[in-house]
Amino acid sequence: MSLTGKTAIVTGSNSGIGLGVARELARAGADVVLNSFTDRDEDHALAARIAEETGVTARYIKADMSKGADCRALIEQAGTCDILINNAGIQHVAPIDQFPVEKWDAIIAINLNSAFHTTAAALPMMRKAGWGRIVNIASAHGLTASPYKAAYVAAKHGIVGMTKTVALETAREPITANAICPGYVLTPLVEAQIPDTMKEYGMSREDVIKNVMLERQPSKEFATVEQLGGTAVFLCSDAAAQITGTTISVDGGWTAL
Ligand code: NAD
């Protein structure tokens, strides 16, 4: 699959799944735009390393996905967007009656609202180019729920719904919109949940991984960022041209239970 000549913007891609997806898209030939809300030398160095490894053009653009204007500015600043990967996301774990309001607002803003703003800004560019792929990184929590994750589950169900609507609005055009629903992937986002979950359930780190996280994942293995990147590349391929408005689970069988 060659994505040479296409430009991919991956939100929240200086770490974890976003970085893995950006790397796989670059390996497939796409020029990539990395993003997060920081502007450190190491952020730009990540883009330089991808360019060096793959020979594509790779840039890093700072934009805070919790702010609508920043989301739209990211797309404008990139100048072109053939492939949009809405990946930026955060998590907070707490019972709903103790869920901090500012955490609820931040999760809805970053995990859901940002995709509305970037999609709205990117679609005219895709229409002008006559081709486009929108891939939203949802979650198994876009299809099912877990306790203590009210905001995350709400945002991820929301993005699955928005994906379907965007697919219907673009159905007659060479543009597709789909969501990838990963199970657990051992990224910094998941690492950060382990201490709270240990406290919540009174368990050791090993028991949280085995009995809470991978308990839901029948394969008993974490999915990898490379597997998610490969799935995104597939959704950008010609073979996936009629796949739109749907979800692809990469969850070791979680949602088959
Ligand atoms: P991560 O913490 O490694 O990466 C999150 C990325 O989002 C980082 O690059 C971070 O800098 C960026 N980000 C956070 N706030 C931002 C903001 N305000 N503006 C711009 N960027 C921001 O986590 P991850 O596990 O790689 O998560 C990536 C996506 O995958 C998220 O949407 C997450 O919900 C989803 N996901 C993760 C898992 C998992 O098990 N790791 C499972 C299902 C879905």
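This is a short walk through a few features of the structure shown above.

The model is predicted, so local features are considered only at pLDDT of at least 70 and side-chain atom pairs only at pLDDT 80 or more, while totals for chains, interfaces and linings use all residues. Residues are numbered from 1 along each chain as its sequence is written, and side-chain values use heavy atoms, leaving out hydrogens and water.

Let us start with strand β2, residues 31–36. Helices (H or I, at least four residues) and strands (E, at least two) are DSSP runs, numbered from the N terminus. Of the six residues in β2, five are buried, so the strand is largely enclosed by the rest of the structure. Here, buried means under 20% relative accessible area, exposed means over 50%, and partly exposed lies in between (1.4 Å probe, protein chains only).

Which strands pair with β2? One is β1 (residues 7–10), which runs parallel to β2 and is joined to it by three bridges. Another is β3 (residues 58–62), also parallel to β2, with five bridges between them. Two strands count as paired if DSSP finds at least two bridges between them.

Helix α1 (residues 16–27) forms a right-handed β-α-β unit with β1 and β2, and helix α2 (residues 41–54) forms a right-handed one with β2 and β3. Right-handed means that, with the strands pointing away from the viewer, the path from the first strand over the helix to the second runs clockwise.

Now look at two loops. Y148 sits in the loop between β5 (132–137) and α5 (150–169). Although Y148 is not a glycine, its phi is positive, about 75 degrees. Its relative accessibility is 30%, so Y148 counts as partly exposed. K220, in the loop between α7 (205–213) and α8 (225–235), is not a glycine either, yet has a positive phi of about 60 degrees. With 46% relative accessibility, K220 is partly exposed.

Finally, the cysteines. How many disulfides does a search of the whole structure find? The count is zero, where a disulfide is a pair of cysteine sulfur atoms within 2.5 Å. For C81, the nearest cysteine sulfur is that of C236, 10 Å away. C81 is buried, with a relative accessible area of 1%. For C181, the nearest cysteine sulfur is again that of C236, at 16 Å. C181 is buried too, with a relative accessible area of 0%.
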